[in-house]
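I opened this entry to keep track of what I looked up in the structure. My notes follow in the order in which I checked things.

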Amino acid sequence: SLYYFRDQQGLEVDFIVPLGEKRLALLEAKATQTLTPGMAKSVKRLAASIDTYTTVAYVVGRPRGTAQRLRALAPGVQALSVEDIGEVVAVTDPRRTTKSAAARA
C-alpha cells in the first residue's frame, strides 16, 4: 500500500509506505539528479510529528553516473536512487514474508 499525505498547514509527503510492525517509510520524490538537504524538510517534519510509529525517511531522486546509491542527505533522512526504491517497498510484500517464513520452517 502507498499513501499520500497533506495536512491543513501544507505539510506534504509524496509517499507513505507501511512496513508492518508499526513502522513507516516516508518518501519524497524529486525529478532531479542532484538532491540537496533542503529537499528533506517535509519528511523530517512529518517524521518528527509521528510518535506512535517508527519511521525511516528518504528523498528519492535520479542520480547520474556512479553516484552513491544510498547516503545520508540530512539528519535522519537518506538519499535514495529511484532504481533502488524497490529495496524499501519490497519489505511490505506479504508474499516475500510468507516465502521467507516457509523457507525457515
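I started with E28, which lies in strand β3. The model is a predicted one. Is E28 buried or exposed? I found a relative accessible area of 7% for E28; the cut-off for buried is under 20%, so E28 counts as buried.

I then listed the neighbours of E28, leaving out residues up to four places away in sequence. E28 touches E12, V13 and D14, then M39, S42 and V43, and also Y58, V59 and V60. With S42 there is a polar contact between the side chains, at 3.3 Å.

**Helix α1**

S42 took me to helix α1, which spans residues 41-49. Which residues of α1 are buried? I noted S42, V43, L46 and A47. These four sit on the same side of α1, because the arc they cover around the axis is only 130°. I reminded myself that an α-helix has 3.6 residues a turn, so residues three or four places apart point the same way. On the face turned away from the buried side I found K41 and A48, both exposed.

Next I looked up what the buried residues of α1 pack against. The partners are β1, β2, β3 (23-29), β4 (54-61) and β6 (77-81).

**Strands β1 and β2**

Last, I checked two of those strands. β1 covers residues 3-6 and β2 residues 12-20, and they pair in the antiparallel sense over three bridges. Y3 has I16 in β2 as its bridge partner. The hairpin of β1 and β2 has five residues between the strands, and in this hairpin G10 takes a positive phi near 95°.

Terms used. Residues are numbered from 1 along each chain as its sequence is written. This is a predicted model: local features need pLDDT of at least 70, side-chain atom pairs count only at pLDDT 80 or more; totals for chains, interfaces and linings use all residues. Side-chain values use heavy atoms; hydrogens and water are left out. Two strands pair if DSSP finds at least two bridges between them. Helices (H or I, at least four residues) and strands (E, at least two) are DSSP runs, numbered from the N terminus. Buried means under 20% relative accessible area, exposed over 50%, partly exposed in between (1.4 Å probe, protein chains only). The arc is that of the directions from the helix axis to the C-beta atoms. Contact means heavy atoms within 4.5 Å. A polar contact is a pair of N or O atoms within 3.5 Å; within protein, one must be able to donate a hydrogen and the other to accept it, and residues adjacent in sequence count only if both atoms are side-chain atoms.
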